[in-house]
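Dear colleague,

A short account of the findings follows it.

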Amino acid sequence: MAEIKMIGVVGGGQMGSGIALLAAANGIHVWLHDTDPNALSRAQKYVSTFVQSLVSKGHLSQAAGSDALIRLQCTSNLEDLQSADVIIEAIVEAEDVKKKLFSELDKIAKGSAILASNTSSISISRLASVTNRPQQVIGMHFMNPPPIMKLIEIVRGADTSDETFSSTKALAERFGKTVICSRDYPGFIVNRILMPMINEAFYALYTGVATKEDIDTGMRLGTNHPMGPLTLADFIGLDVCLSIMKILHAGLGDSRYAPCPLLVQYVDAGRLGRKRGIGVYDYRNPKKGKPKEKEAKVEEKEDKKETKPKENDAAS
Ligand SMILES: NC(=O)c1ccc[n+]([C@@H]2O[C@H](COP(=O)([O-])OP(=O)(O)OC[C@H]3O[C@@H](n4cnc5c(N)ncnc54)[C@H](O)[C@@H]3O)[C@@H](O)[C@H]2O)c1
C-alpha cells in the first residue's frame, strides 16, 4: 500500500480517542466518528487537554501540538471516512454491532482501504466475513491508553493477506509501537491470559477470600504488577471485561472462563469502572471507598503520563 495519509477511527470512547490522537500526532489526517455527539465532545476535550499537557511539559512544540489538533476532525457522519486509507474500528465490544458496522464500512470505504478492528477478543475472521474484502480485514489491538502503551497486538483473520499484514505492521511501527502477532482465537494473546486473571480476582472477592484492597496489593507487591487486577478492571471498564469473558467462555467452551457473578452484577448495576465514576472502587468522592493502598495513585499516574511510555504501564 502507498503511504497512509488518512485514517478513519470509528468510536470516540477511551480507545478511539486515544488512537485518533496517536495517529494525528504522527502526521496522519484523522476523521474520528461516533454516533454519540457527547462522546465526540468528550473525545475532543481529551485530545486537546492531552496535547496541551504535552506542550506544557516540553514533550511537543506548540506548533506540532497545533498541527496535530488541526489534523484531527470529528464527525457524526460515517461517510466522511470514505477517503481513509485505513479505518480502525473501536466501538462497543459486541459482535453483532461490529458486524453491522463492518458491513457498512465495506460499502463506504474506498476499495484499497484496510478495515482494522481494535477488538479485544472478537473473531477477526467473523468480522471479515460480512465484507467483500476479507483479505483487507485485520485486528489491530491497541492497549489502553493508546498514546502511552508500547504494544500493538496484530491479529490475522483466516483470509488476511500478507500485504494487509505488512501495511498494518508498518503503521503500528510508525506509531512507535512494538508489534506482536496472534492467530485468530478468542482473546488472542494478551486477553487470553489477562482476563482469566481479572475474573479470578473477582471470584476471590466474591467468595470472601480477601478485601479488594488486599487482593490488589497482593498482586501488585507480590507479583510486581504495576496495579492490582481489580484496579486494572476498573481502568479497562467492567463492561469490556465482561464482554471478553463471555467471548472466551463461548469460544473456548470451558467452564473455567465463566464470568464471575460479581462482575456480572456490577455491570448490571452500571458500575462500569472509572469511566462511570464507580466500579470495584468508588472514584466519585476521593475520601470514600477509594483504595487505601497506592492502587488509585497508579491509575491517576496513568492519566498524567505523557509521550514517553514507561515500563510499568499496564492495561489491555
Ligand atoms: N478499554 C480498554 O482497556 C480496551 C483496550 C483494548 C481494546 N479495547 C476495545 O476497544 C473497543 C472500544 O472500547 P472502549 O473502552 O473505547 O469503549 P467505550 O465504551 O469507551 O467507547 C465506545 C464508543 O463507541 C461508540 N459506538 C458504539 N456503537 C457505535 C457505532 N455503531 N458507530 C459509531 N460509534 C459507536 C460509543 O458511543 C462509544 O463512544 C472495544 O472493542 C474494546 O474491547 C478496549
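By class, the shell around the ligand comprises 12 nonpolar, 14 polar and 4 charged residues (Ala, Val, Leu, Ile, Met, Phe, Trp, Tyr, Cys and Pro count as nonpolar, Asp, Glu, Lys and Arg as charged, and the others, Gly among them, as polar). The model is a predicted one: local features need pLDDT of at least 70, side-chain atom pairs count only at pLDDT 80 or more, and totals for chains, interfaces and linings use all residues. Residues are numbered from 1 along each chain as its sequence is written.

The ligand is surrounded by 30 residues, of which G11, G13, M15, A39 and N144 are the closest (a residue is near a molecule if its C-beta atom, placed from the backbone, lies within 6 Å of it). Two or more residues of the shell come from each of α1, α4 (95-108) and β6 (137-142); helices (H or I, at least four residues) and strands (E, at least two) are DSSP runs, numbered from the N terminus. The largest contribution is that of α1, with 3 residues. Because domain 1 (6-183) and domain 2 (192-303) both give residues to the shell, the ligand lies between them; the domain bounds come from an automatic or database domain assignment.

Helix α1 (residues 14-25) also packs against helix α2 (residues 37-56). G16, S17, A20 and L21 in α1 meet A43, Y46, V47 and F50 in α2 (contact requires C-beta atoms, placed from the backbone, within 7 Å). This contact has 6 nonpolar, 2 polar and no charged residues.

Yours sincerely

Key:
Axes fitted to C-alpha atoms, helices over the stretch in contact; angles between N-to-C directions. Contact = placed C-beta atoms within 7 Å.
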